[in-house]
Amino acid sequence: MSPRSAPDRLLAVLGAFDHAHPALSLTDISRRAGLTLTTAHRLVGALTGWGALERDPSGLYHVGLRLWEIAALAPRGLALRQVALPFLEDLYEATHENVQLAVRDGADVVYIEWISGRSAVGVRIKVGARWPLHATGVGLALLANTDPEFQAAYCAEPLAAFTPHTITDPARLRRILAEVRRTGCAVSTRQVTDDAVSVAAPVRGPDGTVVAAVSVVVPVRDAQVPALIPSVRLAARGISRALGWHPERPEAHAPRDRT
């Protein structure tokens, strides 16, 4: 059934694109958006004229640069990346492994920066990719610092599995979140792929609320998790201070996020 309002239809067209479908024909857009071909043609034309979509010589449509310009204004996007990048680069130089920065969007983690190690383990992550919170190190670091009501609601929902090691037991997830809060870091082992371990730590904003998480991803075969934890914590603390967090202030110990 087609969305009823014009804004819903426009959003449906944009929502037809994702990491698995970055280039679509008009017919593909019509099908994935649930719109008639005539309606899709009209909306795609309007979005292309505005710059939200671009059409290549083969006739396929891609997300346009105009959307990137708008997205760059998001305070949890480009601005956060610019502040964090020097610390992410330092973490990469210390480990030469994959380094990631992510924020929470509802029940998902969204990656906003990623530095790939040249000989590091392969990961199924790109900038803009999203995964359920429970399945990644950054996701666990973020989920552990949400309101108790949100955590309870999250644990009450089915927990998607990606490998035999993905956390799918709510009681186990609650225990892990409590340990993340206690230690200030999260370790995710073989949850998304069988060969990777992620070590993550939360990033705090000026008032101490958690606004992001940083992680390093290493191969399971030679993971030295205790040695990685101080480096990841140091990077997270550096980003937090650059954002204006001062741990000596009483309000800086607020344990919850606002997203």
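Trainee: How many residues lie between β6 and β7 in their hairpin?

Mentor: There are 6 residues between them. Please note that this is a predicted model. In the turn, Arg190 has a positive phi of about 55°.

Trainee: And how many bridges join β6 to β7?

Mentor: β6 (residues 186–189) is joined to β7 (residues 196–204) by 4 bridges, and the two strands run antiparallel.

Trainee: Which residues of β6 are on its covered face, and which on the uncovered one?

Mentor: Ala186 and Ser188 belong to the covered face, while Val187 and Thr189 belong to the uncovered one. In a regular strand, side chains alternate between the two faces of the sheet.

Trainee: Where does β6 come in the order of the sheet?

Mentor: The order is β5-β4-β3-β8-β7-β6, in an open sheet of 6 strands with antiparallel pairing. β6 and β5 (130–132) are the edge strands, each pairing on one side only. From one strand to the next, the twist averages 30°.

Trainee: Which strands does helix α9 lie across?

Mentor: Helix α9 (residues 225–242) lies across β3, β6, β7 and β8, and runs at about 30° to β7.

Trainee: Changing topic, what is the angle between α1 and α3?

Mentor: Helix α1 (residues 6–15) and helix α3 (residues 37–50) pack at about 80°, their axes 10 Å apart. They are therefore roughly perpendicular to each other.

Trainee: What kinds of residues make that contact?

Mentor: The contact of α1 with α3 has 6 nonpolar, 1 polar and 2 charged residues. Among them, Leu10 and Val13 are in α1, and Leu43 and Leu47 are in α3.

Methods: Residues are numbered from 1 along each chain as its sequence is written. This is a predicted model: local features need pLDDT of at least 70, side-chain atom pairs count only at pLDDT 80 or more; totals for chains, interfaces and linings use all residues. Side-chain values use heavy atoms; hydrogens and water are left out. Buried means under 20% relative accessible area, exposed over 50%, partly exposed in between (1.4 Å probe, protein chains only). Two strands pair if DSSP finds at least two bridges between them. Axes are lines fitted to C-alpha atoms, for helices over the stretch in contact, and angles run from 0 to 180 degrees between N-to-C directions. Angles under 35 degrees count as roughly parallel, over 145 as roughly antiparallel, 65 to 115 as roughly perpendicular and the rest as oblique. Contact means heavy atoms within 4.5 Å. Ala, Val, Leu, Ile, Met, Phe, Trp, Tyr, Cys and Pro count as nonpolar, Asp, Glu, Lys and Arg as charged, and the others, Gly among them, as polar.
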